[in-house]
Amino acid sequence: QVQLVESGGALVQPGGSLRLSCAASGSIFSRYAMGWYRQAPGKQRELVAVITSGSSTNYADSVKGRFTISRDNAKNTVYLQMNYLKPEDTAVYYCNRFPPSDWGQGTQVTVSS
């Protein structure tokens with residue numbers, strides 16, 4: 001079973017950038033497709049980006065061209081580089097397997113001036 005710890009969330013101004021990190025435990029991390037998800041207040045959790053075990057990627061239309069998901073299997077870590085942030089990107093961000101299993105605590109991203 002993989003345990004996940006997200007970090008890197010912060011308050012940032014519109015147009016700014018953040019990089020989220022997700023540290024995973026478990027020796028078979030590299031075999032899993034991983035995703036970044038987010039949940040805004042009053043909304044359902046949604047999938048933002050996915051990276052396969054072979055590092056192919058896919059993105060929600062709302063973040064395409066602004067966010068980049070990557071992974072470092074040697075460090076058991078998944079990243080989400082977020083550029084040109086908008087107020088509507090405000091949410092708690094979670095990483096998880098794709099499809100997801102147990103959820104971690106997430107990390108808060110707030111985009112506001």
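**Figure 1. Pairing of strands β4 and β9.** Strand β4 (residues 34-39) and β9 pair in the antiparallel sense over six bridges. The structure shown here and in the following views is a predicted model. Two of the residue pairs can be located in this view: M34 has R97 of β9 as its bridge partner, and R38 has Y93 of β9. Both strands lie largely enclosed by the rest of the structure, because five of the six residues of β4 are buried and six of the seven residues of β9 are buried.

**Figure 2. The hairpin of β4 and β5.** Strand β4 also pairs with strand β5 (residues 46-51), in the antiparallel sense and through five bridges. Within this pairing, G35 has V50 of β5 as its bridge partner. The two strands form a hairpin in which six residues lie between them. In the turn, G42 has a positive phi of about 75°.

Figure 3. Strand β10 (residues 107-111) runs antiparallel to β9 and is joined to it by three bridges. A91 stands opposite V109 of β10. The loop between β9 and β10 contains P99. The peptide bond that leads from F98 to P99 is cis, with omega near -5°.

**Figure 4. The open sheet of β1, β3, β8 and β7.** Four strands form this open sheet, in the order β1-β3-β8-β7, and their pairing is antiparallel. Its edge strands are β1 (4-7) and β7 (67-72), each of which pairs on one side only. On average, neighbouring strands of the sheet are turned by 15° against each other, direction ignored. Strand β3 (residues 18-24) runs antiparallel to β8, and six bridges join the two.

**Figure 5. The disulfide between C22 and C95.** The sulfur atoms of C22 and C95 are 1.7 Å apart, and the two residues form a disulfide. The link is right-handed, with 45° about the S-S bond. C22 belongs to strand β3 and C95 to strand β9, so the pair ties together parts that are 73 residues apart in sequence. C22 and C95 are both buried. The count of disulfides in the model comes to one.

**Figure 6. The largest nonpolar core and the surroundings of I69.** The largest nonpolar core has 29 residues, of which W36, F67, I69, L80, M82 and Y93 touch the most other members. Strands β3, β4, β5, β7, β8, β9 and β10 each supply at least two residues of this core. With four residues, β3 gives the most to the core. Leaving aside neighbours within four places in sequence, I69 is in contact with M34, G35, W36, A49, V50, I51, T57, Y59, V78, Y79 and L80.

**Figure 7. D89 in the loop between β8 and β9.** D89 is located in the loop that connects β8 (77-82) and β9 (91-97). The relative accessibility of D89 is 1%, so this residue counts as buried, the cut-off being under 20%. When residues up to four places away in sequence are not counted, D89 touches R38, R66, F67, Y84, V109 and V111. Among these contacts, R38 is the residue whose bridge partner in β9 is Y93, and V109 of β10 is the residue opposite A91.

Figure 8. N76 is found in the loop between β7 and β8, whereas Y84 is found in the loop between β8 and β9. Neither is a glycine: phi of N76 is near 50°, a positive value, and Y84 has a positive phi of about 50°. N76 is buried, with a relative accessible area of 18%. Y84, by contrast, counts as exposed, at 58% relative accessibility. Y84 is also one of the residues that D89 touches.

Technical notes:
Residues are numbered from 1 along each chain as its sequence is written. This is a predicted model: local features need pLDDT of at least 70, side-chain atom pairs count only at pLDDT 80 or more; totals for chains, interfaces and linings use all residues. Side-chain values use heavy atoms; hydrogens and water are left out. Buried means under 20% relative accessible area, exposed over 50%, partly exposed in between (1.4 Å probe, protein chains only). Contact means heavy atoms within 4.5 Å. Two strands pair if DSSP finds at least two bridges between them. Axes are lines fitted to C-alpha atoms, for helices over the stretch in contact, and angles run from 0 to 180 degrees between N-to-C directions. A nonpolar core is a set of buried Ala, Val, Leu, Ile, Met, Phe, Trp, Tyr and Cys residues joined through side-chain atoms within 4.5 Å. A disulfide is a pair of cysteine sulfur atoms within 2.5 Å.
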